[in-house]
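Reader: I am new to this structure and would like to find my way around it. Could you take my questions as I look?

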Amino acid sequence: MDYLGKYKSAVAARSTSAEVLRCSQDGGIVTSMFLYALEEGIIDGAIVAGQGEKPWQPKPIVATTPEEILSSRGTRYNVCPNMSVLKESVRKYGLDKVGIVGTPCQIQALRKAQLYPVGLRDVCDKIALAMGIFCMENFSYQSMTQIVQDHCNVDLHSLKKTDIGKGKYWAYTNRGAVSQIPLKLTHKYEQPGCHVCLDYVANLADISTGSVGSPDGWSTVFIRNNNGENIWNKAVAAGIFETKPIESVKPGLELVTKLATEKITKNQKELEHRATFGVNKGLRNPYI
Amino acid sequence: MSKVVEVSPTTRHEGHSKLVLKVNDAGIIERGDWLSITPVRGIEKLCVGKTMHQAPKISSRVCGICPIAHTLAGIGAMEASVGCEIPQDAYLLRTILQCANRLHSHALHNILTLPDMYIPGTDTKINPFTPEEPVRTVAKRLQRLREVGQTVGEIAGGEAIHPSNPRVGGMYYNISPQAKQKIFDLAKEALPLAIAQMEFMIAVLKNWENRGTVTVGKTEVEIPAKFGYHDQGYMAVDPVFDSSSLDFEPKWDPDRWTDVSPYNWFQGEMEVSLEDADYPVGGTTKAGTKTWPQMQACTSVPLYDGQPVEVGPRARLVQFKNYDRKGAMGLQIARQLEYPDCLYTMMEALDALDCNGSVLADEIPQGDGSLGWNANEAPRGCDVHLARVKDGKVQEYTLLVPTTWNFPTCSRALEGAPWQLAEVIMRAYDPCVSCATHMLVVDESKKIVAQKLVQ
């Protein structure tokens, strides 16, 4: 099994813009890339996770200005149905070149929409840049509320940043306090649908990025296809990113591979289990 | 002695219909019946009891060429019944959608018309599929015009086929300034193409009319002087968009409308006595076949002031611009003349559109069962929907669709033409037979006529 998917190159990178980094989750890769692509006319708008109605609840938006893109920085650990505005982006927004960011499953949805456009007329040829983000699992909004407010004992309104790393769930407050709980406690809150996911590093994106493998403040980036490579090279040449060879950073691809292997192996088992879930019958497997 | 010839099915129009023609010894039509033989889907019946939001989305599926007409007329009828005034910007978006649909529909009909026509000055019929010039340029221009129409429809209406944006009370969303600019750019691009296409079509149509004779299959037939003339009236409510019972001065009157069953209108049982195996392609119905238009017709016959009327591009031009060209080619030419207005109106509506304006009425009443109607000027003519809504549910829903109006009128227009050219007259009406056949036909005793067929 190819745990990291197909890619042309992998680097550790971060944005050179202090403004982007001020509120970004890691290296500010997605935000900087969309800002650059918007400025250069590579995209004329991007589907991003904007601010929802409740604190720390994301809402998919079609961002057509740098301000809107900047306002979507940071990870929100709960569901944001980005694909729900995919068609809208080429309808009411009249976009011709759509940028889109998503977790592995969302990028899968995008690629499926492009190859099998059921009810998605005139969408498939308008995708200009698909940015994927690494994803181990996701939570419902209620799950996240429970984890942050009850387990971490932090009010959502004073939450500044959440992070999953080093086996822990971290909650940072605006006033400088830090809470952490072992990830073991969060398992029961995971979305059940994440347990059959066989993709960790957004294998189907043009460019995928995430925190694992690189130091804090930096991101691991996979440049996966010609389109991604073309745009990435231009952005680097324009001084949008600083990069380091992935081999030179710790813990590097070794850890990414380890986590990807863990995720896929565990979920593969779940899929096998579902085949024999009942007595003489099983549950559906979308992969067959 | 007159003979009966039947062309079934007819081609190069939407849906499933046939021509049953009584002709004299010279092959000239004495009495013609053009009728729908499309299975009845019964949209009006199945919408009863559904919500007022759902019914127009169902009636949109009556037809995929002019779904905009049915969506907007259906929604308009619901709004008229409940008494809901929509905001200005929603109205403008609907106008843009309407124009986009008319642009694409007329361009599509050009493709269906052209194979009857000749390259002016030659004896070569036009094959829109040929890679050769000058036809190739025309085909590409038509495709671009349709592309523009459908793209604008997608932006303003949410979807080019079965628009998702219109809703009872206005629209689901307004469009972004960027989208507005995109529509404007597309309209600017399409305008010279549309004018060129209009001029080309008119030249081709006039050339056909002046030819004297044309070839159908292996037969050379003469074009009569009054080709496709009829003495029925015209009915239209607006040059471009619509009229509804909410208007200060409604342009349509439900009291002038009556409905009769095809049983009272079409010919009785006959036997086909003339056949032509060379009629392109595949010949006509075999001699000896029984045919019974009054039982087989799948539409009702709507009358205005007790008479069938013509609706469509010519009716609009007659009503609002004193157009006076008669006959099948007169109707075709009227259709081409509508090309530029689609784009001018679209641009005017865009100019007036405020992208930040509200597109949904603040209050949407649920209705008390009063009758409301909306007449939309579909590409093929006046599409009237009548509805009664009570507590948000549809109590009664009636669709009077352009081609339904045109069926009996066109049947009259067939008289005096050689039967080989009957389809050319029929095509001039740009028939949409699925549109026409959406209903259950009931006779005076409210008995479903279709049941007669079953018995």
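Reader: Which parts of chain B do the buried residues of helix 10 pack against?

Author: This is a predicted model, and what follows is computed from it. Helix 10 of chain B covers residues 327-337 and is mostly covered, with 10 of its 11 residues buried. Those buried residues pack against helix 4 (88-113), helix 6, strand 14 (309-310), helix 9 (313-321), helix 11 (339-352) and helix 13 (422-428) of chain B.

Reader: Nice, and which residues of helix 10 of chain B are buried?

Author: A residue counts as buried when its relative accessible area is under 20%. In helix 10 of chain B, that applies to B:Gly327, B:Ala328, B:Met329, B:Gly330, B:Leu331, B:Gln332, B:Ile333, B:Ala334, B:Arg335 and B:Gln336.

Reader: Stepping back, how many helices and strands does chain B have, and why is it called as compact as a globular protein of its length?

Author: The secondary structure of chain B comes to 15 helices and 17 strands. For 455 residues the globule rule gives 23 Å, and chain B is as compact as a globular protein of that length because its radius of gyration is close to this, at 22 Å.

Reader: What share of the residues in chain B is buried?

Author: Let's begin with the contacts: among those in chain B with a separation of 6 or more, 73% are between residues 24 or more positions apart. The C-alpha trace of chain B spans about 65 × 55 × 35 Å along its principal axes. Of the 455 residues in chain B, the buried share is 60%.

Reader: Now for the neighbouring chain: what area is buried between chain B and chain A, and which three residues supply 45% of chain B's part?

Author: On each side the contact involves 13 residues, from chain B and from chain A. The area buried between the two chains is about 1,100 Å², and carbon and sulfur atoms give 40% of that. On chain B, the three residues that supply 45% of the area it buries against chain A, more than any other three, are B:Glu154, B:Gln178 and B:Lys182.

Reader: And which elements of chain B give two or more residues to the side that touches chain A?

Author: Across this interface the rule finds five salt bridges and seven residue pairs in polar contact. In one salt bridge, the side chains of B:Glu159 and A:Arg91 meet at 2.6 Å, N to O. The side of chain B that touches chain A divides into five nonpolar, five polar and three charged residues. The elements that give two or more residues to that side are helix 5 (135-157) and helix 6 (177-209) of chain B.

Definitions and conventions
Residues numbered from 1 in each chain as written. Chains lettered and ligands numbered in written order. Predicted model: local features only at pLDDT ≥ 70, side-chain atom pairs only at ≥ 80, totals over all residues. Heavy atoms only, no water. Contact = heavy atoms within 4.5 Å. Buried area = accessible area lost by both parts, 1.4 Å probe. Salt bridge = Lys/Arg side-chain N within 4 Å of Asp/Glu carboxyl O. Polar contact = N/O pair within 3.5 Å; in protein donor to acceptor, adjacent residues only side chain to side chain. Helix = DSSP H or I, 4+ residues; strand = E, 2+ residues; numbered from the N terminus. Nonpolar A, V, L, I, M, F, W, Y, C, P; charged D, E, K, R; others polar. Rg over C-alpha atoms; globule rule 2.2 N^0.38 Å. Buried < 20%, exposed > 50% of the residue type's maximum accessible area, 1.4 Å probe, protein only.
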